[in-house]
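Subject: Handover of a structure and notes on its contents

Dear colleague,

Please find below the sequence and the structure that I am handing over to you. My notes on what was found follow directly after them.

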Amino acid sequence: MKITHNTHFAKIALVLIVLSFFFPWFTMSMSTYSEDNDYYLKSTGKEYYGPDKYTQSTKIEWNEENDKDYTTSKLIIPIDSELIAVDPEGGLFENPMLVSLMILKQKLIVSVLILSLALANSIYGKNIELTKRLFELTTILMVITVAGFLINVKGDYIAQNYDGHILASTNDDDDGDGDSTDENGLPEEKIVMRLPIGFSTIIDEDGGNVNSQTVDREITSRWHPSIGFILATIGTILLVNTSLYEFKKTHEAEMAIQEYDEEELQKNISDD
């Protein structure tokens with residue numbers, strides 16, 4: 001009995017995984033805002049981490065009594081093997097996020113190659129078992145890739161962050177004990193990264209300056225997996241669905257063959 005493969009989900013998965021190359025997998029944003037009546041000072045910084053590039057963008061806006069303007073800047077670092085060539089002193093390996101992105105890119109490339117081979121073999125080849133094994137291998141690799149990224153991204157970011165898991169803090173005495181630190185020596189008011197997704201806001205009393213006036217400053221941080229990770233996750237789910245479908249279909253075919261063989265055996269016994 002010939003068992004054909006349903007590759008519709010696998011084809012969609014291939015497209016999604018390829019697209020995930022070109023979008024960020026993780027985003028970190030930090031903004032501050034200070035205001036004095038109708039005047040304000042606002043800064044926004046965002047970091048985008050993807051398998052093809054790391055992007056850092058900054059925008060500062062101000063509206064003061066005699067001045068209203070803004071400035072922007074952007075830094076882009078391609079994620080490829082040339083990073084090692086231009087980093088003879090090995091400083092790159094002190095940035096766990098960039099190293100993880102390089103490894104992520106290699107995993108995705110291998111996954112795409114194996115999945116492409118599986119699809120090509122399902123269309124043009126005759127080795128059904130090989131196609132099945134290739135689908136299974138790609139599924140396992142993508143599950144490891146997606147799950148590993150989600151598990152490790154928090155640790156990698158904290159390892160490269162100067163203040164570790166503290167993303168922002170103030171010198172305010174939050175509990176009124178005359179000291180701005182807690183029993184562990186850490187700032188009382190702070191934004192802490194505990195999960196790979198989060199949002200937090202703190203107020204830095206008298207931490208801002210607008211129109212030469214000391215004002216409060218609002219600090220907000222957001223961090224989360226981004227569209228590249230979501231695309232790859234959906235693609236992985238489709239691959240899991242494909243593998244489960246193939247397993248179920250193979251099992252049903254084997255059961256049908258077994259029932260057919262039993263019927264033939266009973267028929268032969270009856271004839272004898």
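In these notes, helices (H or I, at least four residues) and strands (E, at least two) are DSSP runs, numbered from the N terminus. Ser212, for instance, is placed in the loop between β7 and β8.

Please keep in mind that this is a predicted model, in which local features need pLDDT of at least 70 and side-chain atom pairs count only at pLDDT 80 or more, while totals for chains, interfaces and linings use all residues. Residues are numbered from 1 along each chain as its sequence is written, and side-chain values use heavy atoms, with hydrogens and water left out.

Overall organisation

The chain contains 5 helices and 8 strands. Read from the N terminus, these elements follow the order α-β-β-β-β-α-α-α-β-β-β-β-α. Of the 272 residues in the chain, 38% are buried; here buried means under 20% relative accessible area, exposed means over 50%, and partly exposed lies in between (1.4 Å probe, protein chains only). Contact means heavy atoms within 4.5 Å. Among contacts between residues at least 6 apart in sequence, 59% join residues at least 24 apart.

Helix packing

Two packed helices are described by the angle between their axes and the distance between the axes. The axes used here are lines fitted to C-alpha atoms, for helices over the stretch in contact, and angles run from 0 to 180 degrees between N-to-C directions. Angles under 35 degrees count as roughly parallel, over 145 as roughly antiparallel, 65 to 115 as roughly perpendicular and the rest as oblique.

Helix α1 (residues 8-20) and helix α3 (residues 96-124) have axes that come within 10 Å and cross at roughly 155°. α1 is therefore roughly antiparallel to α3. Their crossing is left-handed, a term used if the near helix is turned anticlockwise from the far one by less than a right angle, with right-handed used if clockwise. On the α1 side, the contact is made by Ala10, Lys11, Ala13, Leu14, Ile17, Val18 and Ser20, and on the α3 side by Leu108, Val112, Leu115, Ser116 and Leu119. Sorted by class, this contact of α1 with α3 has 9 nonpolar, 2 polar and 1 charged residues. For this count, Ala, Val, Leu, Ile, Met, Phe, Trp, Tyr, Cys and Pro are nonpolar, Asp, Glu, Lys and Arg are charged, and the others, Gly among them, are polar.

The axes of α3 and α4 come within 9 Å and cross at roughly 165°, so α3 and α4 are roughly antiparallel to each other. The crossing of α3 and α4 is also left-handed. The contact of α3 with α4 has 21 nonpolar, 8 polar and 2 charged residues.

The nonpolar core

In soluble globular proteins, nonpolar side chains tend to be buried together. A nonpolar core is taken as a set of buried Ala, Val, Leu, Ile, Met, Phe, Trp, Tyr and Cys residues joined through side-chain atoms within 4.5 Å. The largest such core has 43 residues, and those with the most contacts inside it are Phe26, Leu115, Phe149, Tyr157 and Met193. Two or more residues of this core are given by each of α1, β1 (26-36), α3, α4 (128-160), β5 (166-169), β8 (213-225) and α5 (227-271). Its largest share, 11 residues, comes from α3.

Individual residues in the strands

Ala168 is in strand β5 and is buried, with a relative accessible area of 11%. Leaving aside neighbours within four places in sequence, Ala168 is in contact with Met30, Lys190, Ile191, Ile202 and Ile219. Ala168 and Ser221 are 53 residues apart along the chain, and their C-alpha atoms are separated by 8.1 Å.

Ser57 lies in strand β3 (residues 53-64) and counts as buried at 18% relative accessibility. Asp206, in strand β7 (residues 198-210), counts as exposed at 53% relative accessibility.

The loop between β7 and β8

Most residues other than glycine have a negative phi, and most peptide bonds are trans. Asn211, in the loop between β7 and β8, has a positive phi of about 55° although it is not a glycine. Ser212 likewise has a positive phi, of about 65°, and is not a glycine. Asn211 is buried, with a relative accessible area of 19%, whereas Ser212 counts as exposed at 66% relative accessibility.

With kind regards
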